[in-house]
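Grab the model and work through these exercises with it. Each one has a task, then a solution in steps.

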Amino acid sequence: MATSLSQLRKSRSTMLDKIVKDLDSGGQRREKDDRFWSLSRDKAGNGSAVIRILPPVNGDDLPWVKNFSYAFQGPSGRWYINESPTSIGLADPVAEINSEAYASKDESRIEEAKKRKRRNQFIANILVIKDPANPDNEGKVFLWKFGKKILDMIMSKAKPEFEDEDPVFVWDIDEGCNFKLRIKNVAGYPNYDSSDWAAKSPWQKMMTRWKQF
């Protein structure tokens, strides 16, 4: 049975308590979604691969979709990692509770709300060109989740900062380019600053390469 917006709004006051209880009990175990590709990392936390962001499919205006998610720790230290209902246009109890915390002007509640901050994520279709840690992925199409850092790198090519740089729509069939994804462990956090874009690579040239896999 479908859940109405009014039902979601009525339940938002108790939703956080349910989330905390779920965290304390260990939460639900999710099955791995094989449609998604992720960059494998070595013991030092480093990894590299070459991918191509694919053009929009029929009926889509953008080469990616935007969604929202949460990743925060409850009182027991367990993580709550889940999608936000706002990604599909529904009311979000966690977002509502956070808004109420900010409106209260209570510093302790605001600090807790900051820990529950909603994150922007983007999902695109990609072709894996080179994946040294998992060569079986090469030549295959996957879904790929990425955050604002990667989006900024994409937009810096599409809308260059300097006038002497030509815009490059990296997902374009004729004038797109591959992404050399590099991840490093910097102070305990994943860092993508070493990532870079390859030279323009026409779609037809890529099609020839795909047939070699």
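**Exercise 1.** Work out whether Asn98 is buried or exposed, and find what it touches.

*Solution.* Asn98 is buried, at a relative accessible area of 7%; buried means under 20% relative accessible area, exposed over 50% and partly exposed in between, using a 1.4 Å probe and protein chains only. Leaving out residues up to four places away in sequence, Asn98 touches Ala113, Arg116 and Lys117, where a contact is heavy atoms within 4.5 Å.

A quick word on the ground rules. This is a predicted model, so local features need pLDDT of at least 70 and side-chain atom pairs count only at pLDDT 80 or more, while totals for chains, interfaces and linings use all residues. Residues are numbered from 1 along each chain as its sequence is written, and side-chain values use heavy atoms, without hydrogens and water.

**Exercise 2.** Find which residues of H4 are buried, and say what covers them.

*Solution.* Start with the list: in H4 (148-158), the buried residues are Ile150, Leu151, Met153, Ile154 and Ala158. They span an arc of only 155 degrees around the axis, so they lie on the same side of H4; the arc is taken from the directions from the helix axis to the C-beta atoms. Now look across: the cover over these residues includes S1, S2, S4, S5, S6 and S8.

**Exercise 3.** Describe the largest nonpolar core and name the residues with the most contacts inside it.

*Solution.* Count first: this core has 25 residues (buried Ala, Val, Leu, Ile, Met, Phe, Trp, Tyr and Cys joined through side-chain atoms within 4.5 Å). Trp37, Ile53, Trp144, Phe146 and Ile154 have the most contacts inside it. Then trace the sources: S1, S4, S5, H4 and S6 each give two or more residues. Finally, zoom in on Trp37: beyond four places away in sequence, its contacts include Ala49, Ile51, Phe142, Trp144 and Leu181.

How values were computed. Helix = DSSP H or I, 4+ residues; strand = E, 2+ residues; numbered from the N terminus.
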